[in-house]
Amino acid sequence: MATLIDNIHRRAHRVHTRFHPHHGDRHAERDSYMTLTIRNLPLGTTENDVFEHIRRQRHDSDPIVNPLTKETNQRTLCAVVTIRQETEEKCKVVRDKLNLTRIYPKHPAGDVRDSAVMVSDEFLGVTTIAEHDDPLFDMYFVHGLGGHAFRSWSTDKGAPHMWPRDFLPNDIKARPLDPMNWHGRRLAGRLATVGYRASAMCASAATATIDKISQNFLNHLRADRTEGSKRPMYFACHSLGGLVVCQALIHALSEESHRLERFQDCQSTFFNGEECLVKGIFFFGTPFDGSRLARYASRIVKFLRGNDTLIDSLSIESKDLNTIVARFDQMRNHPRSRIPIVIAYEMQPMFGMRFVTDPDSAMSSFDCQTVGIEGDHRTMIKMENNQDRSYQSSVSNGTSASDSSGQSQPAGLGISNPNSEENNTPSRSRSNIVPVKLNDIMMPLNGVNGGKEDNRDFALLSKFDVVFLLDDSGSMMEVIEAVPSSNGNCEERERSKWDEMIESLRYIVDIVTHYDRDGVDVHFFYREDKDEYRIQDGQRILDLLTNEVSPDEIGGGTFIAERLWTILTGYIDRFEYYRRRMGERAPSPEKPKMLNLIVITDGAADDKDAVEDVIVNAARRLDELSALPNQVGIQFLQIGKNEAASRWLKKLDDDLNKKHRVRDMIDTRPWDRVDEIDKSLQERLTNILLGGIDRARDME
C-alpha cells in the first residue's frame, strides 16, 4: 500500500520533470543501479564468467555478480546481478543488450549451444537469492501491493543491500543444526523471492484480485517445489503479500479446497503424509484489519483508471478481507495444519501522518507474537546492515524463537532443525499422562453421589484470559524424590521438578480450558518457539510438556524478566489502546479480557531485581490507566521446596506493592503433592487459579 502511494508520487514527479527538466538536475549526478536476473545459464558457469560476459557487452557497467544458484529444473543456473550506470535509461539499455545473448563458460558442464540467457529486472515467479549446501528448508519472501520481489526488501541508497540475501544466510549458517552440539553440522536453507504483478496501475493487472493473485502464487510454488520435495516451508510477507499468502494457504491446506479439482495437487506440495510442511509465517505490516490509506489510494487509482477494486479490498470495511482473516485463523489453528505466526507492525507513520496498519491491527486479529519495527510501512523491511535496529527486531526480538539452548534462532520465525523429530512428529498423547477432569474434582452435593457442586468461584475465570508462563530452565531437571517405577517392579525412578510441574498441570488444565472458552496461551522461559495460543484442549498442554518441550539441559540459568515483560507489555499496550479509543465516536476496538497470568517455576530466578522492576512498572502503568484492581493478576506457583526461592516469592507477594506504593497484583502458592481428590484439593486449586485475581483469596 505504501509502495503504491510512493509510486504514484514518483510518477507525478516524472511528469513534473518532463515539463520542468531543470528541476531534476540535482538528481542527474547520482548513479543508477538495476538488479537483474540472468536465467538459463549453462552448468559450469561461474561468477567470473558472468562478470566477464557483462563487461564485454558494456565495459563500464561495473557488475556485482552474486553466487549462482541452480534453477528448479536442475539443468541450468540463475544469477542475480546488479549493474551501475549514470541513468536508469542506460541501465535498461544494458539489460536489453544482455537479453538472449549466449554465455560460454570456461569449464562447461553440459551443452551450451542453445543457452541463450533470459535477462529481466521484474523478478516474476520464484527466484533463489541464496542457498546453502544441502538445504533443510525453503524460505519465501513475498512483497506487497505496488512492490517488487527484490527492490521491496533492499535499500534505496547506493548499491542495493538486500538483507534476505546479504545478511540472513550468514546468520542462519551460524546456528548449529543440533543446539546441544555447537561443533556439529550447521543449519542450512534456501531463500527465495516470489514476484507477482502487484501494481494497481498496470493495465495487465487491472482485473487482479487477491484470490486471483493467490492462485497464481500457488502455481509459482508448485512449479518451484521439485516433485517429491518434503523440505519445510517458511514465509516472510510484506503488506498485501501477507494476505496473498493467507488466501493461497486457505486454498492449499483447507479440507474443502481439496475437493476442488484445481487444488487437489496441493496435497503433495504442502503435506508430507499428515504433516503440514508450512512451519511458520512472519507478517510485516499486513493490514489484517484493513488500512485507512486504502480510501486515499483508491480515489487516485480510480481517477487514473487503475485497479481500484483491489485497493478497496484492503479497506477497513472490506468483507473479503474479514473472510480471509477468519478462514486463515481457523485453518492455521487446525490440528492438521497448525502454523505459528509472528506479526510485525510499523512504528512510524507514512508521510508523517498515517499508519498503513495501526499497531492494534497486529494485536487484535490473531493471538500470536507481535513486534514493533522501526520505520514506516515501506522502510520497515529495508535493512541497511545486520546491525540495523529493524533487522535486529525482526531476527532477534521479533522472532524471539529460542532453541533449547536458550539462544535466539536467526531466521524470521526461529527456524530450528526442520527435520528434527519434534518438528516432524504429529501431536500425540501419552495415555498415562492425561488431565484430571473438572467433574472429577467437583465434590458431590451435600455428600450425595450423583450430583456435582457448581463452583461459582471457578466461573470467575470466564472473565479472564488465562496465560501460563512455564519454567523450562535447567533447574527444573533437579530431582526432588524417588518414586516407585510405573512398570510394577520394585525399582524406583527419579522424580524431577519438571515431572512435578506436569503433575500440577494435570489438575489445572481441564478447569482453565473449560472456563476460558477462547483458549489459553502457553509460554516458556526458554523455548519460545514452542509457545502456543488459544489452546482449548487441556490434553494439548500436557502433550507439549511430555512430547515436545524439555528443560534446558545446558543449565544456562533461570531468567524470567524478559518473558514476563513481553507478556505484560503486550497486554497493557492493547489495554491502553482500548482506553484511548473508548471515548471516540467511531466504534471502539474490542475490549481486552482481564489477564490471569500463572507462572509455574521453582522460583530459583537469576534475575530477581529485573523481575521486580517489570512487575512494578506494569503496576504503575495500570494505575495510570485507572484499570480495575484485578485487571491483571499474576500467580506464582512454586514447584519444589527451595527455601531461598520461597522467601523471594513471599517478598513479591507481601512487600512489593507496599515498598513501591503500587497495586497488589501478585499471589504466590506452593504446589503440594495430591494424595486424594477431596474438598481440600478443590479449595487449593481455587486458591491457585484465583489467587492473583481475587484480593480476598490473596489475603488468606
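How many bridges join strand 13 (residues 341-346) to strand 14? Five bridges join them, and the two strands run parallel. The model discussed here is predicted.

**The chain as a whole**

- Of the 700 residues in the protein chain, 56% are buried.
- The accessible surface of the protein chain comes to about 31600 Å², and carbon and sulfur atoms account for 47% of that surface.
- When contacts between residues at least 6 apart in sequence are considered, 74% of them join residues at least 24 apart.

**Strands 13 and 14**

- Within this parallel pair, Tyr345 stands opposite Gly372 in strand 14.
- Strand 14 covers residues 369-373, and four of its five residues are buried, so this strand is largely enclosed by the rest of the structure.

- Six strands form an open sheet with mixed pairing, in the order 19-18-15-20-21-22.
- Strand 19 (532-535) and strand 22 (666-670) stand at the edges of this sheet. Each has a single partner strand, so one side of each is left without a neighbour in the sheet.
- On average, neighbouring strands of this sheet are turned by 20° against each other, with direction ignored.
- Strand 20 (residues 594-601) and strand 21 (residues 632-638) pair in the parallel sense, over seven bridges.
- In this pair of strands, Leu597 stands opposite Ile634 in strand 21.
- Helix 20 (residues 561-581) packs on the sheet, where it touches strand 15 (464-470), strand 18 (520-524), strand 20 and strand 21.
- The direction of helix 20 makes about 175° with that of strand 20.
- As background, side chains in a regular strand alternate between the two faces of the sheet.

**Residues with positive phi**

- Asn40 lies in strand 1 (residues 32-42). Its phi is near 70°, which is a positive value in a residue other than glycine.
- Asp134 is found in the loop between strand 6 (125-131) and strand 7 (138-142). The phi of Asp134 is near 50°, again a positive value in a residue other than glycine.
- Asp134 has 58% relative accessibility. The cut-off for an exposed residue is over 50%, so Asp134 counts as exposed.

Conventions: Residues are numbered from 1 along each chain as its sequence is written. This is a predicted model: local features need pLDDT of at least 70, side-chain atom pairs count only at pLDDT 80 or more; totals for chains, interfaces and linings use all residues. Side-chain values use heavy atoms; hydrogens and water are left out. Buried means under 20% relative accessible area, exposed over 50%, partly exposed in between (1.4 Å probe, protein chains only). Contact means heavy atoms within 4.5 Å. Accessible areas come from the Shrake-Rupley method with a 1.4 Å probe; for residues, only the protein chains shown count as cover. Two strands pair if DSSP finds at least two bridges between them. Axes are lines fitted to C-alpha atoms, for helices over the stretch in contact, and angles run from 0 to 180 degrees between N-to-C directions.
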